[in-house]
Amino acid sequence: MSATTSAELEENRRLLKELLCRPGNGRCVDCGAADPTWASFTLGVFMCQSCSGLHRSIPHISKVKSVVMDGWHAPEVKFMASTGNSAAKAKYEQRVPPFYYKPTYRDCHVLREQWVRARYERNEFVCVEQQEPYSTGYREGFLWKRGRDNGQFLSRKFILSEREGALKYFNKHDAREPKAIMKIQTLNATFQPAKIGNPNGLQITYLKDNSTRNIFVYHEDGKEIVDWFNAIRAARFHYLQVAFPGASDADLVPKLTRNYVKEGYMEKTGPKHKEGFKKRWFTMDDRRLMYFKDPLDAYARGEVFIGSKENSYTVLPGLPPSTQGHRWPFGITIVTPDRKFLFTCETEEEQMDWIAAFQRVINRLMLPQEYAVEAHFKHKP
Ligand SMILES: [Zn+2]
């Protein structure tokens with residue numbers, strides 16, 4: 001390529017900035033973050049700085065430069081003008097199955113990296129045959145599962161079968177009887193790298209006798225664990241299509257898997273409010289507030305149903321005046337039709353965050369099926 005003069009570089013930079021104003025180019029092609037400042041001059045797409053790092057892991061496919069800091073040549077700019085984010089999405093995202101999880105900038109590294117690799121490196125959404133590992137309704141393989149007693153991760157065989165309506169795992173490789181049968185109907189999966197202490201850590205939950213059970217798994221290969229995640233979503237999608245025949249994809253997709261409303265430590269006291277406060281790990285999962293002694297416990301010490309304001313659920317800052325026995329100063333009172341729950345937070349910021357999380361749940365109208373869940377909680381001893 002002939003030497004580019006500084007005037008030409010200046011002009012190319014101006015043209016690129018103009019391209020960023022075109023429809024589709026104002027957001028990162030990969031994660032949707034606003035105002036991308038990087039671009040792949042081999043794929044013709046604009047992206048955020050964080051996603052440009054993911055593109056560097058596929059240098060045989062994508063070469064990136066900064067729009068503002070690097071020098072651009074006229075043919076590169078011309079290519080960027082002829083492609084752009086909308087055209088690239090039309091090409092690389094032609095056949096994304098409705099259940100496939102499209103991550104955003106809020107999601108963890110492994111989900112975002114595999115979304116980049118799936119599209120540009122493996123062409124998964126151009127050649128449908130590539131989707132076989134998660135679309136067929138059956139998946140079998142080994143995952144590292146955290147042991148309940150000692151916290152060690154052990155290799156376990158997992159089988160997901162849409163036909164049987166369950167995900168199962170086996171303790172011994174040749175075992176006939178599964179250690180657990182997790183019904184697809186109540187299955188959830190959420191990436192929890194920080195909590196599990198592994199970048200590919202996945203928390204799988206299911207209901208047993210109407211109580212939540214947790215298992216924690218990972219696979220050292222990012223593609224494998226994301227394929228498992230999407231296989232669970234595919235199985236849930238097909239289950240829900242049968243359960244709700246008239247529902248649209250847009251209705252079903254948000255129900256496939258869910259991230260938690262909020263998690264973190266608080267202190268709690270017992271039903272008499274005289275018991276000393278104890279520090280517990282809390283998880284707000286949809287309308288279930290669960291507390292654990294350890295964040296990686298297999299099941300909760302207790303679960304509380306959080307209904308709506310129409311059904312007499314309220315969250316208030318502070319504690320009743322006579323309350324004693326707490327170390328943390330920032331109180332929260334949750335009023336339910338049955339009793340009051342008292343919690344404390346270490347900081348005011350945490351208190352505000354938790355109140356906002358509870359308020360979001362309480363402000364939402366209860367769905368018909370949630371009345372049945374609430375009734376079940378009332379009958380618990
Ligand atoms: Zn991005």
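Here is a short chat about a predicted model of a protein chain.

Q: Okay, I'm new here. Which domains is the protein chain divided into?
A: This is a predicted model, so keep that in mind. The protein chain splits into domain 1 (6–128), domain 2 (134–248) and domain 3 (262–379).

Q: How many residues are in contact between domain 1 and domain 2?
A: On the domain 1 side 12 residues take part, and they are in contact with 15 residues of domain 2. Taken over C-alpha atoms, the centres of domain 1 and domain 2 are 32 Å apart.

Q: What about the inside? How many residues does the largest nonpolar core have?
A: That core has 39 residues. Phe158, Leu167, Met182, Phe191 and Ile204 have the most contacts inside it.

Q: And which elements each supply at least two residues of this core?
A: There are two kinds. The helices are helix 5 (109–121) and helix 8 (222–243). The strands are strand 5 (153–161), strand 6 (166–170), strand 7 (180–183), strand 8 (188–191), strand 9 (202–208) and strand 10 (211–218). Helix 8 gives the most, with 10 residues. The core also draws at least three residues from each of domain 1 and domain 2.

Q: Let's zoom in on phenylalanine 191. Which residues does it touch?
A: Leaving out residues up to four places away in sequence, phenylalanine 191 touches Cys108, Val110, Leu111, Asn200, Gly201, Leu202, Ile225, Val226 and Phe229.

Q: What's in the second, separate core?
A: The second core has 22 residues, including Tyr313, Ile334, Trp354 and Ile355.

Q: How many bridges pair strand 11 with strand 17?
A: Strand 11 (residues 262–268) and strand 17 (residues 340–345) pair over 2 bridges, in the antiparallel sense. Lysine 268, for one, has phenylalanine 343 in strand 17 as its bridge partner.

Q: What does UniProt list for "domain: PH"?
A: The UniProt record, an unreviewed entry, lists residues 136–237 and 259–363 under that name. In the model, residues 136–237 are 20% helix and 45% strand, with end C-alpha atoms 12 Å apart. Residues 259–363 are 15% helix and 38% strand, and their end C-alpha atoms lie 19 Å apart.

Q: Last one, the loops. Where does aspartate 209 lie?
A: Aspartate 209 lies in the loop between strand 9 and strand 10. Its phi is positive, about 50°, although aspartate 209 is not a glycine.

Q: Is aspartate 209 buried or exposed?
A: Exposed, because its relative accessibility is 67% and the cut-off for exposed is over 50%. Aspartate 35 also has a positive phi, near 55°, and it sits in the loop between helix 1 (6–20) and strand 1 (38–40). Aspartate 35 is exposed, with a relative accessible area of 63%.

Key: Residues numbered from 1 in each chain as written. Predicted model: local features only at pLDDT ≥ 70, side-chain atom pairs only at ≥ 80, totals over all residues. Heavy atoms only, no water. Pairing = 2+ DSSP bridges. Helix = DSSP H or I, 4+ residues; strand = E, 2+ residues; numbered from the N terminus. Core = buried A, V, L, I, M, F, W, Y, C linked by side-chain atoms within 4.5 Å. Buried < 20%, exposed > 50% of the residue type's maximum accessible area, 1.4 Å probe, protein only. Domains from an automatic or database assignment. Contact = heavy atoms within 4.5 Å. UniProt positions renumbered as here; feature names shortened; annotations may be inferred.
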